[in-house]
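Trainee: Please take me through this model one point at a time, and give me the cut-off behind each term as it comes up.

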Amino acid sequence: AKGIDYASELIVSNMKSLLQLIHWNNENDIKVYRMSSSMFPWMSEYEFKDLPDYQEICDLLQAIGKLAIDNNQRLSFHPGQFCVLASDRPDVVERSIEEFEYHANMARWMGYGEEFQDFKINVHISGRKGYQGIIDILPKLSQVARNCITIENDEMCHGLDQSLKLEKHVALVLDIHHHWI
């Protein structure tokens with residue numbers, strides 16, 4: 001309701017806070033951080049380039065990435081459960097690809113994504129098409145997104161057996177807690 005100006009202000013504030021957090025992690029020898037997807041609120045509702053603070057946001061993302069890279073900190077994303085790349089509904093797959101690409105763009109703006117697995121964007125197989133749905137969407141993802149995607153097992157439908165069917169296609173993440181459940 002407050003519009004794109006408000007979203008832009010929130011993003012700047014979030015980026016400044018994230019930069020402080022990465023500094024704090026560095027000072028406290030913390031080398032891993034999973035960033036929140038909500039740093040860019042309502043990101044599917046606007047184009048990043050239309051944000052009034054677009055350039056400042058890009059500069060902050062570059063500073064965050066440089067600080068993390070220079071200090072060997074591993075950053076990652078885990079888009080929410082609504083990012084269902086293996087859905088049997090084409091409209092859901094299309095929106096999920098868009099959501100995943102938003103995350104890939106943020107990684108790219110921080111200086112990641114040019115090399116395989118220099119940044120992780122972790123999702124569950126999710127969706128009725130299972131592991132084959134993931135294989136089918138890979139050509140539809142940008143190179144940066146393909147470099148960053150990791151698939152994590154879940155506790156409901158797509159455990160280790162399903163995840164391992166993707167071993168020749170994407171990097172895999174074992175979540176032992178999901179496995180135990």
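Trainee: In which loop is Asn-72 found?
Mentor: What we have here is a predicted model, in which local features need pLDDT of at least 70, side-chain atom pairs count only at pLDDT 80 or more, and totals for chains, interfaces and linings use all residues. Residues are numbered from 1 along each chain as its sequence is written, and side-chain values use heavy atoms, with hydrogens and water left out. Helices (H or I, at least four residues) and strands (E, at least two) are DSSP runs, numbered from the N terminus. With elements named in that way, Asn-72 is found in the loop between H2 and S2.

Trainee: Is Asn-72 buried or exposed?
Mentor: The backbone of Asn-72 has a phi near 55 degrees, which is a positive value in a residue other than glycine. For the side of your question that concerns accessibility, buried means under 20% relative accessible area, exposed over 50%, and partly exposed in between (1.4 Å probe, protein chains only). Because its relative accessible area is 62%, Asn-72 is exposed.

Trainee: Is Gln-117 buried or exposed?
Mentor: Gln-117 has a phi near 65 degrees, again a positive value in a residue other than glycine, and its place is in the loop between H3 and S3. Because its relative accessible area is 14%, Gln-117 is buried.

Trainee: Leaving aside neighbours within four places in sequence, which residues is Phe-119 in contact with?
Mentor: Contact means heavy atoms within 4.5 Å. Once neighbours within four places in sequence are left aside, the residues in contact with Phe-119 are Met-35, Leu-75, Ser-76, Phe-77, Ala-107, Met-110, Tyr-112, Asn-147 and Cys-148.

Trainee: Which elements do the buried residues of H4 pack against?
Mentor: The buried residues of H4 are Gly-130, Gly-133, Ile-134, Ile-135 and Ile-137. The elements that these buried residues pack against are H3 and S4.

Trainee: How many residues apart in sequence are the parts that Lys-16 and Glu-56 tie together?
Mentor: A salt bridge is a side-chain nitrogen of Lys or Arg within 4 Å of a carboxyl oxygen of Asp or Glu, and by this rule the count comes to 5. The side chains of Lys-16 and Glu-56 meet in one of them, at 3.6 Å from N to O. Since Lys-16 lies in helix H1 and Glu-56 in helix H2, the separation in sequence of the parts they tie together is 40 residues.

Trainee: What separates Lys-66 and Asp-70 along helix H2?
Mentor: Lys-66 forms a salt bridge with Asp-70, the closest N and O atoms being 2.6 Å apart. Because they are 4 residues apart in helix H2, Lys-66 and Asp-70 are separated by about one helical turn.

Trainee: Where does Asp-88, the salt-bridge partner of Arg-128, lie?
Mentor: In this salt bridge, the closest N and O atoms of Arg-128 and Asp-88 are 3.5 Å apart. Arg-128 lies in the loop between S3 and H4, whereas Asp-88 lies in the loop between S2 and H3.
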